Amino acid sequence: MAQDLQAAVAHLYGVPLDAFVAERTRVARALKAAGQRDAAAEVAGLAKPSAAAWALNHVAREAPEAVAEWADAAAALRDASTRSAQVGGDTVRAARAGHRASTGRLVGAVHELAQPGGRPLSPAMLDRVSRLLHAATADAGLAERLQAGCVTEEPAPAAVSPPAAAVPPSAAASPSAAVPPAEVAPPADGPARDREAEARAERRAELELRERHAAQAAERLRDQLARRHVAAQAAEERLEQARRTLLRSESEAAAAHDAVKDAEHAAAEAVTEVDDLRAQLRQIP
């Protein structure tokens, strides 16, 4: 029964976003008809994923290697952040840099591969994807659900949660794993450490703002490109129409020139005939 429920959950979170509600109803009814009332109730209570969560679930199925790479980087950052005193600042900074790079690659994959409802994600939705990834970085269980493609942005039912053994021990054992690693403060040792944390926070805020502006600019450029494609197509159609008009005009002009030549020839023959008749008249006494 548990396997059937897990299979149903995995299937449900893999359907197109706009088909989720109808498919949830169908699967719940099928389970109920099979006598699995508890599983049917679990499925009926599953939350519909947001567009951002659906996009991550989709990429987890279409490009699992990208999500696995990010999950490894997130686990490394969790471990380094919770053991900063033991591993040292260089290790923590390297883990953060690796995590930022893998997060950027995963967000790029989401933008390329995921189009809920047939539409690309807006910059605001990509921001929500980034926030969900930050939350999953802090929460090993959420990261596991992300890899399984069952993220909803809501507290997940027990049926969706992966086995406890799958959660990295370092994350499960430490209370600080519930705090985003980017904000886990190392042991306080004076004003210098506080200033370093403030500088990192300011730098992060600056980069996030620049990323949002860049994403918005990219969206505007994509819209502009689409409009220019439409304008270019319209111009091509007008050019083709002009070509057809020119061909007709050239044909009409050629026919007119031929008519002029015929008229000139007929006029010349008429003049010759008039001259002949006049000559004949002069010969009569």
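The model is predicted: local features require pLDDT of at least 70, side-chain atom pairs count only at pLDDT 80 or more, and totals for chains, interfaces and linings use all residues. Residues are numbered from 1 along each chain as its sequence is written, and side-chain values use heavy atoms, with hydrogens and water left out.

I begin with confidence. The chain has a mean pLDDT (the predictor's confidence in each residue, from 0 to 100) of 79, with 75% of its residues at 70 or more. Helices here are DSSP runs of H or I with at least four residues, numbered from the N terminus. Over residues 155-188, pLDDT stays under 50.

I turn now to the salt bridges, each a side-chain nitrogen of Lys or Arg within 4 Å of a carboxyl oxygen of Asp or Glu. The whole structure contains five.

Glutamate 69 pairs with arginine 105, their closest N and O atoms being 2.5 Å apart. Glutamate 69 lies in helix α5 and arginine 105 in helix α7, so the bridge ties together parts 36 residues apart in sequence.

Within helix α7, aspartate 90 and arginine 93 are separated by about one helical turn, and their side chains meet at 2.5 Å, N to O.

Finally, arginine 128 and glutamate 153 form a salt bridge at 2.7 Å, N to O. Arginine 128 belongs to helix α8 and glutamate 153 to the loop between α9 and α10, so this pair ties together parts 25 residues apart in sequence.

Note on methods: Contact = heavy atoms within 4.5 Å. Helix = DSSP H or I, 4+ residues; strand = E, 2+ residues; numbered from the N terminus.
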